[in-house]
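Subject: Structure handover

Hello,

I am passing on the structure we spoke about. Please look it over before reading my notes below.

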Amino acid sequence: MQIRNAGSHVDGNAVAGLLAEVFTVDVTTMRCQCGTCGVAAPLAETVVELDDSAAIIRCRGCTHTLMTVVRADGGVRLIIGSLRELVRE
Ligand SMILES: [Zn+2]
């Protein structure tokens with residue numbers, strides 16, 4: 001998808017299709033770049049601390065938390081940590 005009218009202001013509905021291109025794939029194949037140390041690797045290669053309610057996804061290079069996924073109140077919450085970039089290639 002190409003972004004048109006760069007610089008114009010619209011509401012978040014305008015990026016629904018663009019974000020669907022990012023989040024409708026197997027995210028474990030996406031490349032994560034750590035904002036702390038700069039290491040970039042597929043999400044599948046990160047280190048995960050997992051229990052029944054949360055998954056803490058850590059950088060294999062520096063152990064900083066890239067993001068945390070939490071199950072609570074009947075939903076799922078994604079908390080971004082030191083994740084700089086998530087790339088679908
Ligand atoms: Zn790192």
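The notes below cover a core, a loop cysteine and a hairpin.

Please keep in mind that this is a predicted model.

Core. The largest nonpolar core has five residues: Cys32, Cys34, Cys59, Leu66 and Leu83. In soluble globular proteins, nonpolar side chains tend to be buried together.

Loop cysteine. Cysteine 37 sits in the loop that links β1 (31–34) and β2 (40–42). With residues up to four places away in sequence set aside, cysteine 37 touches Cys59, Gly61 and Cys62. Between cysteine 37 and arginine 60 there are 10.0 Å from C-alpha to C-alpha, while in sequence they are 23 residues apart.

Hairpin. Strand β5 (residues 65–72) runs antiparallel to β6, and six bridges join the two. Alanine 72 has glycine 75 in β6 as its bridge partner. Two residues lie between the strands of this hairpin, and aspartate 73 takes a positive phi near 55 degrees there. Strand β6 covers residues 75–80, and of its six residues the number buried is zero, so the strand lies largely in the open.

Regards

Terms used:
Residues are numbered from 1 along each chain as its sequence is written. This is a predicted model: local features need pLDDT of at least 70, side-chain atom pairs count only at pLDDT 80 or more; totals for chains, interfaces and linings use all residues. A residue is buried if 20 or more other C-beta atoms lie within 10 Å of its own, exposed if 12 or fewer, and partly exposed in between; C-beta atoms are placed from the backbone. Helices (H or I, at least four residues) and strands (E, at least two) are DSSP runs, numbered from the N terminus. Two strands pair if DSSP finds at least two bridges between them. Two residues are in contact if their C-beta atoms, placed from the backbone, lie within 7 Å. A nonpolar core is a set of buried Ala, Val, Leu, Ile, Met, Phe, Trp, Tyr and Cys residues joined through C-beta atoms within 7 Å.
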